[in-house]
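Hi there,

Here is the structure I promised to pass on to you.

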Amino acid sequence: MKIETSIFQRKIILNSLKGSIIRLNPITLIRNPVMFIVEIGALITTILTIFNIYTGVSFIFDLQISIWLWFTVLFANFAEAIAESQGKARAESLKRTRAEAPANKILKDGSIENVSALTLQRNDCVLIKENEIIPSDGDIIEGTALVDESAITGESAPVIRESGGDKSGVTGGTKLLSGTIKVRISVNPGETFLDNMISMVESAKRQKTPNERALEILLLGLTVIFLTVVITLSAFSDYMGITIPIAILIALLVCLMPTTIGALLPAIGIAGMDRLLQHNVIALSGRAVEAAGDVSVVLLDKTGTITLGNRMATEFIPAEGVDAKELIEASLMSSLADETPEGRSIVKLGKKELKVQGKDIHPSKESVFVPFTPETCMSGVDAGLKKIRKGSTNAIEKFVTNNGGSVPAEIKNIVDEIAVKGDTPLVVASNTQVLGVIRLKDIVKQGIKKRLLQLRHMGIKSIMITGDNPLTAASIAAEAGVDDFSAEAKPETKLQMIRDYQTGDQQYLVAMIGDGTNDAPALAQADVAVAMSAGTAAAREAANMVDLDSSPSKLLDIVEIGKEILITRGALTTFSVANDVAKYFAIVPAIFASVYPQIGVLNIMQLSSPASAVLSAVIFNAIVIPFLIPLSLSGVKFRATSSVSRLLGLNIMIYGVGGLIIPFIGIKAIDIVITFLGLGVKI
Amino acid sequence: MGILDIIFILILFIIVVALAIPLGKYMSRVFTGQRTFMTPLMQPVERFMYRLIGTDETKEMNWKQYAYALIMLNIIGIIFLFALQLLQGFLPLNPEGLPGVSWDSALNTAISFATNTNWQGYAGETTMSYLTQMTGLAVQNFLSAAIGIAALLVLIRGFTRKNTDKIGNFWVDLTRALLYVLLPIAVILAIVLASQGVVQTFNPYITAHTLEGVNQTIAVGPVASQEAIKMIGSNGGGFFNANSAHPFENPNTITDILEILAILLIPISLVFTFGYLIKNFKQGLAIFSVMTILFGLGLGIALYTESQPNPILEKMGVTGGNLEGKEVRFGVTQSVLWGVATTDVSNGGVNSMHDSVMPLTGLVYMFNMCTGEVIYGGLGVGLIGMLFYVILSMFIAGLMIGRTPEFLGKKLGPPEMILSVIPIVLPHVAILTLAAIAITTPAGLSSLANPSAHGLSEILYAYLSTIGNNGSAFAGLSANTLFYNLTGGLAMLVGRFATIIPAIALAGLLAQKGKVPITSASFPTTGPLFIIIVVAVVILLGALTFFPVFTLGPILDHLFLYGGHIT
C-alpha cells in the first residue's frame, strides 16, 4: 500500500512538526540521553541570554547559540516524528477499514446469533457470507472463499482461501467476495492480526533491540567522556589564565557528543520497520528483524516455497493386468473426501479421464474415509471389506504385505522412474492388490534459483525440507539450487534440525519459512520465523513475522532490511564520531588563541573569528541532522559485494573518511556565510 | 638520528620478536597444563604450592570466585606491604637504620606495587630497608605481574570456552605464571645483570672519600635480583631514586639493551600466547601488528623530535639532539627507545629525565599512556585493554556490515558493551577529573615546580602514569605529599581494577555463551582492514578525549619553545 499523494505528505510533515515540539517534554526526551543533555544545554544558554538582555550585556552570540541548540533538539525530534508518522498514517487507514463488523456466530446448538465482531473469542465459529467483512482472524473449516485482502496487503487481486491444507487462514478486516464459509476464530479480542499491526506501527514505546541498547551504551560512554572533557577543560583553562564562557563550553559539549547518531537512532529503527511494512511484511518484534541480518541457515518448506504450491496429479499408470479405469475409479473413490490439494487434483484428473466432469460423485454411504497422517504416510477409504489406500511406496508396501499381498517389481520400476524425474509417485492399492501409480508433478518456481544464489552470496545456507522421499527431494533440490535438503521430514525432524543448528558445536541463527500447522513447532523454535499470511493460524501465531503477500522469497528482503538497519546505525555512529575532529579544530583554537596567539596555528580552516568558529561548528552540528534524515529513513543500502571486507571498506571510506572531511568543508562554508551576514559578533 | 640508529632499533626489535614467538608458545603450553622442558623441575614445587594454598588443581572457579580470590590476594598484599613499611624500623635487614615510612606514602607505595604501577613518591635508597625492598616490593613485583597474566588467561578462556561458567583456577594460573615464567626469566636476567656490574649485596652503604676530601655515601643493596623482575614484569619500581639511570641499576649499554629487551619481551610474548591459546595464530599476529604500528608511530615521532636540537639552546650554539636529562652513556636513541617502550608497556622504569624531553616527545609518552597502556601494555592487562578496544571496534565494524557484532565467534550484546565501555571510559574520566582537581586546589598546585603549560604537563603526566599503572614520573612534581599520595593511590586502584574486574566478568559472560560460526558473512578479524580499524579507534578515542588538554599542555609548550620562550 503506497500513500504518496502530496496532500498526504504535507499532512505528515505538519504532524511531524507538531510532534517535534511535543517531544521537547523533558520527561519523554530523557529516553534519549544525548538529546536530553542538549536540551539542558539549550535551556541554560537561553537563561543566560535572557539574563544578558536583562543586564544589558551583549547577548547576540548567546542568543544564536541558544537558537541553534534548540534547533538541534527539534531536528532530532522531527526525525523521530516523521519516521513514526509514516507508520501511523498506515495504522489510521487500517483502523478505518475495520468497521464495527457484525458477525454471525454459530452457537453450540447450530443456531446463529448476530454479535459484534469485538466480542468473538478464540474457538468461536462464525458463518460468513458473500460481501461480508471477515470479523476476526481464523481458519476456514468449511467452504472455499474468494477474499479481497487489499485492506491489509494493498494487493487488489483477490485470493482464494479454502478449508483444509495450508491456505485456510483468513484475516479480520478483509472482505469475502464470493462463497460462504465457516470460520473458526483463532484469537481473542485485541490480539488479532490487525490489532498487532496497528500497535506495532503506532507504538512509540516499542522495545529497543539488543543491538540498539548496546549502541546506546557506547554513545552514553562517549557522552560521559565528553562531559568530563568539557567540565575539566574549564579547570585547565582557568589554570592557564583563560576563562571560557559557559555558552562556549556548552557549544563544545554539544558538538562533541554523538548528537548526529543520537538524534537519528530512534528514527532508524522505526523506519526499518516501516520499510518492512512497505514490503508487506509485518514484524512482530524488532529483535527478529535485526536477527534476520545474522541468519546463516534458512529452512525452506519445499511446498509453496520452492515449488509452485501443490503437486498436481498428471498421470495414472495402471499396474500390469489392471484396467486403467479400475485404477482411476479407485483413486477417485479414495480421494473424494480428501481435502488436500493433491487429493483434489486426483479427483479433478480422474473426473477428466472418466469424462464425468461437472458431475458430482458422492462416496457410497458405508465408506469411511481414512485421513493422511505423517506416521502412516497414506490415506484412503474403507468401503465394507474393500480397503483402498494411496500413499508412498513404503507405506503401501507395508499395507499390502500386512494384508498378505506383495508389490510387483514393475511397480517399483515405475515408482523409481517417476521419482528420478523429481515427480512424486503415489501408489494405489486395494486390499492385497497394487492397482497402479499416480504421478504427482511438482513445479519449481521461476526465479527461485536466482534468489537462492543471492542468499548464498550473503553467506546464508538454504536447506529444503520436504516430506518427499530422498530421490524426489534430491531432484528438486538440484533443480532449485538449494545447498542441502532434508527428505521425509516429519514436524519433529524439522524441530530437531533447527535445534541442532542452534545448539550444536557452532550456534547458527536459523530462519524458517512455513505456512502449515505442522510447521508451527519449528517456527516457534526458529530465530527468524516467517509465516505466510495465507498460512494456518497456528503457523502465524508461532512466527515472529508474517508475510502478507505469502511470497516466500521475501526472506531476502527481510534479511536486507535487517542488515540495513544495522549498517545505518554503524555508519551514522562512525560519521558522528569522525565529525568531532573538525569541530575540535574549529573550537579549540577559537577558545585559546585570544590568550595564546600561538595556538592560532591550529585554526587550519582559517575561520574568521572565534565567535563565528564556534557558531559554525554548532550550526553544522545542527543542520547535519535534517540532511541525514532521508538517509536514516531509507537506510544505508546493503550492497551484496564480493566480500564483507569490501563492504566494510566502502562504508568506512564513505562514513568514516567522509565524516572526517565533510565537516571541514561544511564548517568553513558556514563560516563564510556567517561572516558575510555579519553574525559572527564578539562573544 | 641516522640510518644506523634505525638499523639498531630494527635488529633489537627482530630479536625481541624472535624470542617472543617461542616464549609465547611455551606459555600457551604452560597455561594449559601441558608438559614443557621446565615440568620436571617445577612440577614438584607446583604441587607443593597447591598443597600449601590448599587448592585442588583440577577444580575450576566461576568468574565471581575468581575475582574474589584475586581481590583478596591484593587486599592482603596491600595490607602486608603497608604494615611492613610502617614497621621496618623495628625489623631486621636494615643496616642503615631507616625509620618507618609515613602512613600516606606507605599506603601509596603499597597500592603502587600491588597494582603493578610502581609509582614511587619516595626515594628508594633513603626510605626503604633491604627487608622492605626484598620481601615487600620485590614480592609484589612478582605477584602483580602474575595476577595480570592470570586476568588475561581468564579473558582468553571466555573466548575459547562455551556453555560453561568455569573460567579457571586463580591459584593455578598464578602459580604457573610465577614458577614457569617469571621466576626462571628473572633468575637468568639477574645473574646476567650482576655480571655486568649491577650490585647485589646485603652490606651497608659504602662511604667514599672523594678527591675534594668530602665523604660521599654510596648506596648499594640487593639490586640485581630486584632489577630483573622490575624489567620483565612491567613493574619499573627502581631500587634507587634515579631508577635505571643509576649506574648500579643500569651500568652500561649492554645492560641497557638487555633491559629494553626485558621490558618488551613478555608483553609481546603474551600476544602470541593469545594467538596460540585461541588456536588462531593469525589473530594474535593481527593484534601484534596493531600494537606494533602504534609503537612505531610513537617511536618515530619521538625519535625525530628528540634528535632535533632544542631551539633555545641552539641559539646559544648547542647543536645535535636534545641531550638534556639524558645519560651520555645511552644517548638519544636508547633513551627515547626506552621512554617509548616503557610508556607503551606500562613499565615505570626510566633511564632518562622525561621532564627534560622535547614537548612533543613528552606528548608521545603521554599519548602512549592515555590509550590505557594497550600498546603491548602491562603483563596481561595490556592485551586485556587492547581486547576492549577490539570489542568496541568490532562493534562498529559489525554494525557496518549489517550483522550483530561478534568477535572470535562470540556475539557482543549490551552486557558485553557495558563491560567493555567501563574500562575505557572510567580511566579516561578519572585522569581528567583528578588532574583537574589537582590543578585547581592549593594542595595540588603547591607541589608544582614549573608554571604554565609545562606545569600542566607535569600534573597530567602524574595521573596518566598512575591510572595507566605505568609508574614512571615526568618529575618536576613533588609527589610525596598527602594530596598526591592519596589521589595517586586512588588513581592506581581505578586504573587497575576498572580493567581487571570487568575483564573477569566479561570472561564469565562470554564463557557461558555458545559460539557462532565464522562464515563468509562474518568480518575477517585477521586482515589489514581489522588492523587499520583498531589502530584508528585507539588513536581517535585517545585524541578526542585529550586533544584540548594536550593543546594546553605539551602542544602549547612546544609552540612556546619554538616561539623562542619558555612560557
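Predicted model: local features only at pLDDT ≥ 70, side-chain atom pairs only at ≥ 80, totals over all residues.

Chain A holds 23 helices and 22 strands. Its radius of gyration is 33 Å, whereas a compact globule of 683 residues would come out near 26 Å. Along the principal axes, the C-alpha atoms of chain A fill a box of roughly 110 × 55 × 35 Å. Buried residues account for 52% of the 683 residues in chain A. Of the contacts in chain A between residues at least 6 apart in sequence, 68% link residues at least 24 apart.

Next, the sheet. Three strands of chain A form an open sheet in the order 6-5-8, with antiparallel pairing. Strand 6 (159–162) and strand 8 (175–178) of chain A are the edge strands, each pairing on one side only. From one strand to the next, the twist averages 45°. Strand 5 (residues 144–148) of chain A is joined to strand 6 of chain A by four bridges, and A:Thr144 has A:Glu162 in strand 6 as its bridge partner.

Finally, the helices. Helix 21 (residues 554–592) and helix 22 (residues 610–634) of chain A pack at an angle of about 170°, their axes 9 Å apart. The two are therefore roughly antiparallel. Nine nonpolar, four polar and one charged residues make up this contact. Among them, helix 21 of chain A contributes A:Leu572, A:Lys583 and A:Ile587, while helix 22 of chain A contributes A:Val614, A:Asn621 and A:Leu628.

Happy exploring!

Note on methods
Residues numbered from 1 in each chain as written. Chains lettered and ligands numbered in written order. Axes fitted to C-alpha atoms, helices over the stretch in contact; angles between N-to-C directions. Parallel < 35°, antiparallel > 145°, perpendicular 65-115°, else oblique. Contact = placed C-beta atoms within 7 Å. Nonpolar A, V, L, I, M, F, W, Y, C, P; charged D, E, K, R; others polar. Pairing = 2+ DSSP bridges. Rg over C-alpha atoms; globule rule 2.2 N^0.38 Å. Buried ≥ 20, exposed ≤ 12 C-beta atoms within 10 Å, placed from the backbone.
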